Amino acid sequence: MRQIWPLAAASLAATCVLLLWLPYAHEAGRDWRGFARLDPGQRGERVPARVVIVVFPSTVDPKQHEARVAAINETWGGDPRVRLGVLGEGLFARPDALRNRHAGNSELIKWAVNRSLELWPDVDWWMKADDLTYVVVPNLLGYLASRRPGQVQLLGRRLQMANKGDIFCSGGAGYVLSRAAVDRLLESWCLGGGWLREQGGDIALANCLSSKNASYIADTRDGGTEERFHAYGPQRLISGQVDKWYKDYTPWYSIPAGPACCSARTVTFHYVEHGEARAIHSMLSDRERFLAASDDELLARWPKRAPELSGYSTKPHKNDPMWDFLLRRMVVG
């Protein structure tokens with residue numbers, strides 16, 4: 001009996017500690033001030049805390065920001081392997097001096113980068129997206145695992161302004177800065193002047209990292225042909241219904257239509273409104289169910305009009321090749 005009491009007391013104490021900790025377990029898991037943590041999606045393996053994604057309001061279609069953020073939190077933003085910040089909310093509430101600045105303002109982007117490092121100083125990669133961006137997080141993490149954060153890199157959908165102008169990455173498609181690139185930017189951030197400073201922060205940022213030969217802006221295509229980061233949603237890309245400016249801003253190669261438009265390990269889509277984000281997420285997360293569905297059932301699941309479908313999106317149709325791409329060709333993970 002004397003030997004049992006110490007064991008019972010220890011067990012009781014451990015149980016009490018566990019009960020006291022449980023209400024805070026979720027918050028502790030989301031804190032991420034330590035560099036590695038338990039990831040329930042990886043069967044308890046310890047994984048590096050590597051990526052911060054900050055979501056900005058769309059600069060071309062700022063309406064419905066709250067509905068979009070809600071959809072992001074319910075879909076890809078809920079992945080515990082990334083840290084998610086929303087500009088203007090919570091830990092990323094704007095300082096008074098930047099409260100009324102345009103979402104593309106250079107100083108605002110710089111502030112968001114600095115704020116991320118204050119919260120998570122060990123970050124390897126910093127990503128900027130907007131509230132119309134859908135991020136396939138497993139593919140993002142898989143792609144970044146093949147890159148080196150200690151090298152200066154800007155990763156995204158490369159574009160070039162008309163007449164051999166500035167080379168940059170599409171803000172809507174989302175772009176990723178390596179830690180080395182973040183450090184270099186913060187050493188001497190080039191805010192630009194005029195429009196670049198006030199609204200063209202994505203271009204000003206790229207200019208800071210490289211001259212017009214874009215030595216630090218990587219070609220992120222899969223196999224050198226299929227894009228990973230996209231400035232449109234899946235239906236427009238696969239059907240080839242992209243705007244003339246997009247073709248003009250891609251002078252290096254022709255933009256293919258059909259399944260060749262997009263890598264099977266696509267990282268982002270853009271102009272994905274909140275209803276479409278939920279539809280894409282459902283299909284990628286539960287393929288067996290949707291593979292067994294008829295075209296009519298697939299169409300019923302997809303949003304048909306605003307406000308759930310973006311004005312920059314197009315509606316799919318029966319036998320749309322988009323279904324095959326999302327349900328069969330795309331690889332997640």
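**Labels and cut-offs**

Author: Start with the lining of the largest cavity: five residues are nonpolar, one is polar and two are charged. The model is predicted, so local features need pLDDT of at least 70 and side-chain atom pairs 80 or more, while totals for chains, interfaces and linings use all residues. Residues are numbered from 1 along each chain, and side-chain values use heavy atoms, without hydrogens or water.

Reader: Which residues line the largest cavity?

Author: Arg157, Glu227, His230, Leu237, Tyr246, Ile255, Pro256 and Cys261. Ala, Val, Leu, Ile, Met, Phe, Trp, Tyr, Cys and Pro count as nonpolar, Asp, Glu, Lys and Arg as charged, and the others, Gly among them, as polar.

Reader: Why are H4 and H6 called oblique to each other?

Author: The axes of H4 (residues 106-119) and H6 (residues 179-187) cross at roughly 120 degrees and come within 11 Å. Under 35 degrees is roughly parallel, over 145 roughly antiparallel, 65 to 115 roughly perpendicular and the rest oblique, so this pair is oblique. Lys110, Val113, Asn114 and Leu117 of H4 make the contact (heavy atoms within 4.5 Å) with Arg179, Val182 and Leu186 of H6.

Reader: What makes the phi of tyrosine 271 worth a look?

Author: Most residues other than glycine have a negative phi. In tyrosine 271, phi is positive, near 55 degrees. This tyrosine 271 sits in the loop between strand S11 (268-269) and helix H11 (274-285).

Reader: And how do you know whether the bond from alanine 306 to proline 307 is cis or trans?

Author: Omega is near 10 degrees there, and the bond is cis.

Key:
Axes are lines fitted to C-alpha atoms, for helices over the stretch in contact, and angles run from 0 to 180 degrees between N-to-C directions. Helices (H or I, at least four residues) and strands (E, at least two) are DSSP runs, numbered from the N terminus. On a 1 Å grid over the protein atoms alone, a cavity is a set of points where a 1.4 Å probe fits but cannot get out, and a pocket is an open set with protein on both sides within 12 Å along at least five of seven lines; lining residues have an atom within 4 Å of a point.
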